[in-house]
Amino acid sequence: MPETYTAPVTRLWDSDVLVVGGGPAGVIAAVAAARSGASVTLIERYGFLGGNSTQILDRFCGFFTPGPDPQKIVGGLPDEVIDALFRLHAADYHMCPYSDAQLITYNPDVLKVIWERLALDAGVRLLGHVQVIDVLREGDRVTGVIGAGKSGLISLGAAVIVDASGDADVAFRAGVPCEGAETGGLQALTTTFRLINVDTDRAGQVAPGTLHAMMVEANARGDYDLPRHQGSASLTCMPGVVATNMTKVTDIDVTDPCQMTGAEIEGRQQAMEYARFLIEQVPGYERAELGGLSTQIGIRESRRIRGQYRLTRDDIVAGRVFEDAIARCAWPIEDHHARPDTRWERVAQGGTFDIPYRCLVPQAVEGLLVAGRCLSGDHDAHASVRVMAQCMAMGQAAGVGAAWAAQRGLSPGDVPVWEIQDQIRAWGALI
Ligand SMILES: Cc1cc2nc3c(=O)[nH]c(=O)nc-3n(C[C@H](O)[C@H](O)[C@H](O)COP(=O)(O)OP(=O)(O)OC[C@H]3O[C@@H](n4cnc5c(N)ncnc54)[C@H](O)[C@@H]3O)c2cc1C
């Protein structure tokens, strides 16, 4: 039986736009809204920004089309992040043998500082160490959020909220219909880890197929317990450092803290086992050591909202274009399902498809947009558009839409999309 509990709530300030979640989508949304003239607050549950980009990862996917002749398809504010990384010698281009795509690898600790500088320079007010747990509503309009911090409960008001929590926490609490976490069939979770002191010249010679075959053999001999026979060990922009994406924890409801506690423990145990395998079995790793585990286990998929349009697998494989396009994507469907392999399915003829603005506009609730991996789409569409360049591109459009809705007293869905398109094109968006 649910228990009822009431506690005092301290009211903090109001903003034109409140962004919940400081991942790639949320930071870019906050910056875009601030540059569009709105007063903006960004709330993040950790003490640093970046979401998966700094908690778990070290490479941006999705900026380029895959294949031998990569075309850049995401631009605008996301370019400022990349430029800042290169200026600080903290990034490199990397042709990924696993996805046949050009990626940008970076130092995630430098990126933490870049994200916050970008936000602060734009005038965004940052509030860390607060987890949003509920919303304030007036009728069908969401008017603010309730967050939990060490000092207790707080509330903040806003004309428009952008839910960039990745898990659609705000949308779900506000009553937006969602699929995913509650309906199951989600992608697996992964604890990433880094190895240091790797002989990267020799390690880089080990082809993905060879590495995967070694995993299968090691398992078959009974020497190791490796639940996933694929995954990547990738060179980074840091000398002697290899970043992995290997562990696999399945069938977890990521909104259940009890299940997540078990997933974190299982992910770390698997990381230790994969590290042992690499060090003992794979050329180049003989003198390597564990250099760090991800801040938390990586969540690929949780809640996806039901929006004014639901992007589908058909849209992706057909390379569909939309009049209200706010971003393009060429990343394949990359489905880390429960089995030991990963399912890849490419966009037709190595092309691109569009992400419509309507995927960011929720059903049933006013005053709200989403950006990033909680967009409206089916499982397969999500498995493509969730990569970080596209999440940033969604944030760019959501920030402009939210700011103009707040300033003009409009519903975010009623802001003319062509105006948003014009603004983001002026910043350099490639739509
Ligand atoms: C293991 C793994 C490997 C991946 N590999 C790649 C890769 O190599 N390249 C790539 O481009 N993409 C990769 N992805 C996908 C990509 O990282 C994510 O889809 C992307 O980061 C989503 O961005 P986002 O801003 O929507 O959400 P997130 O990055 O998840 O950010 C959400 C933010 O909101 C905060 N937050 C959540 N809930 C609340 C709350 N209630 N209150 C306050 N704050 C909250 C979180 O702390 C976080 O900072 C990978 C994902 C995983 C899990």
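Which element gives the most to the lining of the largest cavity? Strand E16 (325–329) does, with 3 residues. The model is predicted: local features need pLDDT of at least 70, side-chain atom pairs count only at pLDDT 80 or more, and totals for chains, interfaces and linings use all residues. Residues are numbered from 1 along each chain as its sequence is written, and side-chain values use heavy atoms, with hydrogens and water left out.

**Ligand site**

- The ligand has 32 residues around it, and those that come nearest are Glu44, Arg45, Asp169, Arg386 and Met388; a residue belongs here if one of its heavy atoms lies within 4 Å of the ligand.
- By class, this shell holds 13 nonpolar, 12 polar and 7 charged residues; Ala, Val, Leu, Ile, Met, Phe, Trp, Tyr, Cys and Pro count as nonpolar, Asp, Glu, Lys and Arg as charged, and the others, Gly among them, as polar.
- An oxygen atom of the ligand lies 3.3 Å from a polar side-chain atom of Gln55, where a polar contact is a pair of N or O atoms within 3.5 Å.
- A polar backbone atom of Arg59 is 2.9 Å from a nitrogen atom of the ligand.
- A polar backbone atom of Val132 is also 2.9 Å from a nitrogen atom of the ligand.
- The protein buries 97% of the 1,000 Å² that the ligand exposes when taken alone (Shrake-Rupley method, 1.4 Å probe).
- Helix H1 (24–35), helix H2 (52–55), strand E3 (59–60), strand E7 (131–138) and helix H11 (388–408) are the elements that give two or more residues to the shell; helices (H or I, at least four residues) and strands (E, at least two) are DSSP runs, numbered from the N terminus.

**Second largest pocket**

- The second largest pocket has a volume of about 450 Å³; on a 1 Å grid over the protein atoms alone, a pocket is an open set of points with protein on both sides within 12 Å along at least five of seven lines, and lining residues have an atom within 4 Å of a point.
- Among its 19 lining residues, Arg45, Gln131, Asp169, Val254 and Thr255 are the closest to its centre.
- Helix H8 (257–281) is one of the elements that supply at least two lining residues, and H8 provides the largest share, 4 residues.
- This pocket lies between domain 1 (9–185 + 301–427) and domain 2 (193–293), because both give residues to its lining; the bounds come from an automatic or database domain assignment.

**Largest cavity**

- The structure holds 1 cavity of 30 Å³ or more, a cavity being a set of grid points where a 1.4 Å probe fits but cannot get out.
- The largest cavity has a volume of about 50 Å³.
- Its lining divides into 8 nonpolar, 2 polar and 1 charged residues, including Ile73, Arg328 and Gln396.

How values were computed
Polar contact = N/O pair within 3.5 Å; in protein donor to acceptor, adjacent residues only side chain to side chain. Points joined across faces, edges and corners; volume = space filled by probe spheres on them.
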